[in-house]
Amino acid sequence: MCISPCELVNMIGVITCAIVNCVESEEELEVLGAVFTQLGDSLVTYTTYKQNCCSDDNSQSDDSDESTLPL
């Protein structure tokens, strides 16, 4: 996906408003916020690990659950 940074920010704002209009309670909104925060953190962890810990010598051919962290 290749869009401008401003388009991305606007898209996120629109999605935020759509979610807020569909959620019935503050509690549900808090849970959704926590879920999306964890999702974002997990994606950053994954990409950081792939960029810094996986060399061509030891990278997996697929992204299976069998990959291990270096100790």
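**Exercise 1.** Which residues form a nonpolar patch on the surface, and how much accessible area do they have together?

*Solution.* The model examined here is a predicted one. The patch consists of Ile3, Leu8, Met11, Ile12 and Ile15, whose accessible area together is about 390 Å². To place one of these residues, note that Ile3 sits in the segment before helix H1, which spans 5-22. Ile3 has a relative accessibility of 37% and is therefore classed as partly exposed, since that class lies between under 20% for buried and over 50% for exposed.

**Exercise 2.** Find the residues that gather in a patch of negative charge on the surface, and describe the setting of Glu28.

*Solution.* The members of this patch are Glu24, Glu26, Glu27, Glu28 and Glu30. Of these, Glu28 belongs to helix H2, which covers residues 26-53, and because its relative accessible area is 43%, Glu28 is partly exposed.

**Exercise 3.** How many disulfides does a search of the whole structure find, and are Cys6 and Cys22 buried or exposed?

*Solution.* The search of the whole structure returns zero disulfides. Turning to accessibility, Cys6 has a relative accessible area of 58% and so is exposed, while Cys22, at 63% relative accessibility, also counts as exposed.

Conventions:
Residues numbered from 1 in each chain as written. Predicted model: local features only at pLDDT ≥ 70, side-chain atom pairs only at ≥ 80, totals over all residues. Heavy atoms only, no water. Patch = residues over 30% accessible without salt bridge, like charges linked within 9 Å, V, L, I, M, F, W, Y side chains within 5 Å. Areas by Shrake-Rupley, 256 points an atom, 1.4 Å probe, with all protein chains shown as cover. Salt bridge = Lys/Arg side-chain N within 4 Å of Asp/Glu carboxyl O. Helix = DSSP H or I, 4+ residues; strand = E, 2+ residues; numbered from the N terminus. Buried < 20%, exposed > 50% of the residue type's maximum accessible area, 1.4 Å probe, protein only. Lys, Arg positive; Asp, Glu negative; His and termini not counted. Charge placed at Lys NZ, Arg CZ, Asp CG, Glu CD. Disulfide = S-S within 2.5 Å.
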